[in-house]
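Me: Please go through the labels given to parts of this model and say what each one rests on.

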Amino acid sequence: MKTLIRTALTAAALATATAACSSSVTAPPAAAPLDLSDVKLVSYNGCDDMLSGLRENTAKSVTEWGLGGPQIMYMERADMASKAVPEATRDNAGAAEHSTTNVHEQGVDEPDLVKTDGKRVITVSNGKLRVIDAATRKVTGTLELAKEKWVAGDLLVSGDRALVLFNGGGIPFGAVAKRAFAPQGGPQYALVDLSSEQPKLLGTIEPNGMHVDARLVGSTVRLVVRSQPDIVFPQAREDVSSAERLKVNQDVVRRAPITAWLPKFTITGAAGPSREETVPCERVSHPENYTGTSLLTVHSIDLTQDLAASAANPISVAADGDTVYGTGTSLYVTSNPRWWFPVPVDPPVMDTPVEPAPSATASAPPASTSTSGTSSGSGLAPAEEPTSSDPSPAVPPTQTVTPTDPVAPTEPVAPSSSPVIPPEETEVHRFDISRPGAPKYVASGKVPGRLLNQYSMSEHEGNLRIATTLADQKTSSSAVYVLRADTLAKLGEVGGLGKDERIYSVRFIGPVGYVVTFRQVDPLYTLDLRDPAAPRVTGELKITGYSAYLHPAGDGRLIGLGQEASEKGRTLGTQVSLFDVSDPAAPRRLSQLFQKDSGSEAEWDPHAFLYWPKTGAAVIPVSSYRENQTDSGAMVLKISDTEVTKVGTITHPKIKEGDHSFQPGIQRSMVIGDSLWTLSQAGIKVNDLNTLDEQSWIPLS
């Protein structure tokens, strides 16, 4: 079945918005001019100043529907944030050599559904945390955190403390256990003690808002949460004009109290009871220009300390946020401030007659709760690349009526019959996290275009490199900008990458950058970034298909994981490429492995990608589709200096549901000692790393 999810949703959104307006949209919206003036972040002069500013800016941004636009189900693709090389680690006595989560920056851990320290494997699935002894391969401890089995969670671990992150759901702890579970609940984070055989829940923090992302440096976790004003708008009446509904909503905003905006969070300690906290006015800053429709809050939690004390002093910014990138000393949060939701561009997907059912693919991407990271539910994007006449990116429904000019209190602006699309631009905020406790704001800036994911950014030698695609109704092209990290002022740029194409993957390695754009063929660009004031393209390789994820594989080598495609841009199946990039002027592909009619979760979530440099082993989850059947497993590869070869495939036992059974998709893989561990919803299988002989099966039912 061929689908064009993003295009179809855009059409539906525009159609619904048009029906709601007094005037119909008869022509493609024009792009508003892009103002690249500096973005400065300043503090409010007390709560009165804050309330005045938030009311006025929110009133300019509100529509006749309120702050969320018409009630349209808006699908987003799963976070495609690329991550970096897992290291061989011996970080505690007696631990076997082991891989780690595939993260973007060394020493900056990212949330994932499984962690290992070489002695134990900690995972969270179906609302339950489990600890598995790596030597005996037995489950030694469990802790139920959510009774609803479908609740998905991630982990961050430091020593004998784990922070479990639920993007939305319930944790049955203390006062929380007495509340009815809310399927649309906000994020909840649970601090767990792993020091004894039985894990123990130490406390929870529950912000009012939406989880964006988190990073762990040392023992400190930085949680990024986005919240919207808690304002209730009256039900729209059909006999009232759009202009009148807009005026009513603006009046509601101008009467809202400061508590409607101030971020709130609930902390429950081990001894209870729960207490609700509010971010005080003096800990909230704002850019010179902002919409007032969301606030970004950064919570800092030291996993070695008491949760109630550690999480008590967050900071907030009157800004939006959808993508997080972190180093050991910096935390970057980016957004497009004039788009209601982050709308990552969907990659094209194989032209297959069968789309796997959600229950048959455990590795299907989850629906995004924020950006990171947007799901069709199948992991498949459109079978055809949109034509140049297709809107790109998709236009959120609210943008068809949101006025872009200030709205005077007494002169509400009716929805325009020729709405203006907000400019594609990425706003960047940088925070200093080099010290314990709350981060310190450093600078803000913005660049044209929309970035793909966190891998579109890289801090190097005091500069931030950022790659974006700028598109209008007819054309698109990409560029890489170099900004000073201390001020986020622009130092240099190189543009003109992939005319009428868009970015599919980015990788920065030291002073070199790699950018893949795609429409019908896959140009791999190599960039020389040694002179930040004059970055330049040094080489280009055109091949069919594209790489959705790029991974360093030693000196002069680069692994590309993505899709092969026909010359017309139709995707055909999973491909793994080995590139020789030792000569930046002449990148070339040394080897290609292709599996027809298949896709891999690692294309959009590189946490699913494993590369073990010691042996050259690589493991990716793969699902193949044929005749109403989905075959799922983990493909094990051998990557030498010149070639990619397939070693074998690991599968997990089928899961039976009633009269039907299906193969669970393998989601993660790890190396511990000489064994390869693979994880699915059904359980964990342990195989010999070299021979792939099965050693153990650990069910997680």
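**Labels and their grounds**

Reply: The model is predicted. In it, R668 stands opposite L679 of strand β43.

Me: How do you know that β42 and β43 pair?

Reply: Pairing requires at least two bridges. Strand β42 (residues 666-672) and β43 share six bridges in the antiparallel sense, so by the cut-off of at least two they count as paired. Two residues lie between the strands of this hairpin, where G673 has a positive phi near 65°.

Me: What makes β43 and β44 a pair?

Reply: Five bridges join β43 to strand β44 (residues 683-688), and the two run antiparallel. S675 has D688 of β44 as its bridge partner. This hairpin has two residues between β43 and β44.

Me: Why is strand β43 called largely enclosed?

Reply: Six of the six residues of β43 (residues 675-680) are buried, so the rest of the structure largely encloses the strand. S675, W677 and L679 point one way, while L676, T678 and S680 point the other way, and all are buried.

Me: How do you know that C47 and C281 form a disulfide?

Reply: The cut-off for the two sulfur atoms is within 2.5 Å. The S to S distance of C47 and C281 is 2.0 Å, so the pair meets the definition. The structure holds one disulfide. With 105° about the S-S bond, the link of C47 and C281 is right-handed.

Me: What parts does the link of C47 and C281 tie together?

Reply: C47 belongs to helix α2 (residues 46-61) and C281 to the loop between β14 (274-278) and β15 (284-287), so the pair ties together parts 234 residues apart in sequence.

Me: Are C47 and C281 buried, exposed or partly exposed?

Reply: Buried means under 20% relative accessible area, and exposed over 50%. C47, at 35% relative accessibility, is therefore partly exposed. C281 has 5%, so C281 is buried.

Me: Why is the aromatic pair of Y504 and Y546 called tilted?

Reply: Under 30 degrees would be stacked and over 60 edge-to-face. The planes of Y504 and Y546 are 50° apart, with 4.6 Å centre to centre, so the pair falls under tilted. Y504 lies in strand β27 (residues 502-509) and Y546 in strand β31 (residues 546-552), 42 residues apart. Y504 is buried at 3%, and Y546 is buried at 1%.

Conventions: Residues are numbered from 1 along each chain as its sequence is written. This is a predicted model: local features need pLDDT of at least 70, side-chain atom pairs count only at pLDDT 80 or more; totals for chains, interfaces and linings use all residues. Side-chain values use heavy atoms; hydrogens and water are left out. Helices (H or I, at least four residues) and strands (E, at least two) are DSSP runs, numbered from the N terminus. Buried means under 20% relative accessible area, exposed over 50%, partly exposed in between (1.4 Å probe, protein chains only). Rings of Phe, Tyr and Trp (its six-membered ring) pair if their centres lie within 6.5 Å; planes under 30 degrees apart count as stacked, over 60 as edge-to-face and the rest as tilted.
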